[in-house]
Amino acid sequence: MIERLLAVWHARNLEFVRDRRTMIFSLLMPIALVVGMSFIFGGKERPFFKVGVIAAVIDKQAHPFLSERYVEFVPITDQATGLRKVTHQQIDLLLDLHGTTRYWVNTDSPKGYIVEKLLLASATGAQREPVTGAAVRYVDYLFPGILGMNMMFSCLFGVGYVVLRYRKSGFLKRLHATPLSAFEFLTAQVLSRLGLILFVTTVLYVGIGTIIHFHRAGSGLLMILVGLLGALSMVAMGLTIAARFSSEEVVGGLLNMLTWPMMLLSGVWYSLEGSPPWVQRIASLFPLTHVLNAARAVMIDGAGVAEISTDLIYLAVTALVFLVFGAWSFKWRYD
Amino acid sequence: MNEPILEVRNLIKHYPNVTAVNGLSLAVPEGICFGLLGPNGAGKTTTIEIMEGILDATSGEVRYRGAPLDQRFREEAGILFQKTALQDFLTVRQSITLFRGLYSRGLSVDEVIRMCALEKLESRDNRKLSGGQLQRLLLAIALVNDPNVLFLDEPTTGLDPQARRNFWELIQSIKARKKTIILTTHYMEEAELLCDEIAIVDNGRVIAQGTPRRLLQEHFEEVMLELPRRDFPDSARTLPLRIIDVAERTEITTADLDATLRMLIDAHVPLSNLRIRPANLEDLFLELTGKELRT
């Protein structure tokens with residue numbers, strides 16, 4: 001028995017060592033994860049308070065308050081966005097240093113109360129603008145993230161592995177012998193998966209929403225549009241990855257390399273506000289980031305089409321680019 | 001002679017470290033069953049896949065009705081690969097319907113089901129079919145566009161003798177509809193039964209082409225004497241005869257049957273198990289290449 005076991009063990013080891021692409025993924029993935037996580041979660045201690053400053057870039061010299069420790073200062077491009085965040089207690093205080101120092105504080109927020117004291121210690125004449133509003137519960141923030149993450153896994157793995165299986169079994173080769181084009185095949189896959197994802201996401205949205213009453217400020221139709229374009233972009237991304245490869249390990253490695261960073265950096269669990277600019281730049285490349293930005297804007301802030309148009313355009317354009325690239329690089333045969 | 005429906009001109013296919021097809025040319029007249037014969041590794045499947053338009057040649061060309069392979073060819077060709085998987089969880093009818101939807105013209109699903117005797121299986125999951133039933137389904141899929149040219153790549157390999165004979169009957173019914181069939185096979189009985197014309201391929205080239213009867217007449221005026229190898233003593237091997245061993249039998253090729261039999265009797269070779277037969281395609285292949293068809 002031991003001989004048989006060793007023979008199989010040895011053959012499998014040879015297979016693993018000789019499949020260089022698999023070995024590279026197996027080694028690189030954990031290294032990349034450790035390095036990535038250390039960048040994201042490492043460094044200085046997390047601050048206690050978050051203060052929005054109306055400015056493109058924060059200049060620490062502009063006001064002594066900006067040098068306070070344990071306070072995270074995040075740039076806010078416009079007053080309306082800042083006010084919305086204070087109202088929903090997504091930031092503890094909003095500060096405007098243009099001309100007379102003004103600040104907005106949510107009188108319902110305990111953290112706002114404390115950080116206001118800190119501000120007044122160095123800005124005694126600052127003009128106070130009180131606002132009120134209940135905090136956005138974490139569950140309200142998390143819910144779109146969970147839906148988006150579920151959608152991402154379904155899009156990428158559900159489509160990528162199916163195409164790979166079709167290729168390995170020879171079914172794609174048989175389809176290739178018909179008048180069917182790669183674009184037609186891929187589009188059919190996209191539409192099929194899209195319908196499934198929209199159905200599942202809608203059931204989850206309505207079903208869970210009935211049990212736990214979520215904050216739903218915006219249009220349900222707009223949420224469907226966000227889901228549709230987001231799923232389209234991510235399904236097309238999954239197809240692009242599966243377009244050429246015949247190895248489960250390679251496709252699995254590539255899908256993991258995409259899903260893990262998206263899960264960590266797209267704002268599924270927490271806001272990326274205040275994270276290093278390079279992290280935000282990388283995050284802005286992921287379709288999931290745009291899905292979640294748009295979904296939260298609609299659900300929490302009641303945003304309309306115009307306010308989320310940048311995200312919608314990004315999702316539509318990436319869907320088209322991935323689909324065209326996938327069709328161009330598509331391989332029917334298994335080597 | 002009919003105009004060729006398919007022409008292959010100086011086809012070459014290189015893979016890393018191997019040349020699978022090496023300057024192969026042939027022409028397939030319309031309305032016949034054309035056999036592509038050769039041992040494993042001769043380049044048959046590579047050739048047929050290039051002819052089907054699913055594999056690119058390194059050089060050379062394939063022409064369908066005088067033009068390079070295009071969308072029209074895909075609409076008008078039916079293909080049965082050596083190995084094909086179908087989409088899981090589909091019934092026989094649903095599998096045929098899927099492929100029917102990919103063509104702009106063709107037969108009705110019911111007609112194809114009837115042609116391939118699949119009526120009793122049409123609701124069955126395609127994963128639960130036997131080997132012969134699956135081949136009939138794959139043939140039905142290949143026929144769904146009512147093709148002008150039908151490619152069958154070793155269609156009966158792995159089938160039991162009964163299923164193979166059933167499949168031959170199906171192919172003969174398709175032949176009766178004046179379809180052009182291109183068949184690769186290891187089975188000489190199959191080739192002799194179905195093919196109007198054959199090309200013998202070896203080392204990526206056609207080494208002979210014509211009707212089986214003409215090729216046999218060209219290469220053989222002799223008959224074959226077959227004896228079990230155990231009945232053929234070593235002392236008889238020195239006789240001035242063309243003697244070869246094939247598997248468990250010894251074959252003697254001769255144009256003078258009387259003289260050969262006399263020599264064998266004089267050499268005390270037991271003749272109780274002697275079989276005399278005319279030359280067949282396997283002999284032809286052996287004659288031309290020195291190899292057995294199935295290696």
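Residues are numbered from 1 along each chain as its sequence is written, and chains are lettered from A and ligands numbered from 1 in the order in which they are written. In this predicted model, local features need pLDDT of at least 70, side-chain atom pairs count only at pLDDT 80 or more, and totals for chains, interfaces and linings use all residues.

Colleague: Which element of chain A has the lowest mean pLDDT?

Modeller: pLDDT is the predictor's confidence in each residue, from 0 to 100. Chain A has a mean of 82, and 86% of its residues reach 70 or more. Helices (H or I, at least four residues) and strands (E, at least two) are DSSP runs, numbered from the N terminus. Helix H12 (residues 309–329) of chain A has the highest mean, 91, and the lowest, 62, belongs to helix H2 (residues 20–41) of chain A.

Colleague: What is the strand order in the open sheet of 5 strands in chain A?

Modeller: Two strands pair if DSSP finds at least two bridges between them. E3(A) and E4(A) run antiparallel, joined by 4 bridges, and Leu93(A) stands opposite Val105(A) in E4(A). The pairing in the sheet is mixed, and the order is E2-E1-E3-E4-E5.

Colleague: What angle does helix H3 of chain A make with E3(A)?

Modeller: Axes are lines fitted to C-alpha atoms, for helices over the stretch in contact, and angles run from 0 to 180 degrees between N-to-C directions. Contact between two residues requires C-beta atoms, placed from the backbone, within 7 Å. Helix H3 (residues 79–87) packs on the sheet, touching E1, E2, E3, E4 and E5 of chain A, and its direction makes with that of E3(A) an angle of about 155°.

Colleague: Within what arc do the buried residues of H4(A) fall?

Modeller: A residue is buried if 20 or more other C-beta atoms lie within 10 Å of its own, exposed if 12 or fewer, and partly exposed in between, with C-beta atoms placed from the backbone. In helix H4 (residues 110–122) of chain A, the buried ones are Gly112(A), Val115(A), Glu116(A) and Leu119(A). The arc is that of the directions from the helix axis to the C-beta atoms. These buried residues line one face of the helix, because they fall within an arc of 115°.

Colleague: Which strands of the 6-strand sheet in chain B stand at the edges?

Modeller: The order in this open sheet is E6-E7-E8-E3-E9-E10, with mixed pairing. E6(B) pairs with E7 (residues 149–153) in the parallel sense over 4 bridges. Two strands have a single partner each, so one side of each is left without a neighbour in the sheet: E6 (77–80) and E10 (205–210) of chain B.

Colleague: Is Arg193(A) buried or exposed?

Modeller: Arg193(A) sits in helix H7 (residues 182–211) of chain A. Not counting residues up to four places away in sequence, Arg193(A) touches Cys155(A), Gly158(A), Val159(A) and Val235(A). Arg193(A) has 22 C-beta neighbours inside 10 Å, so it counts as buried.
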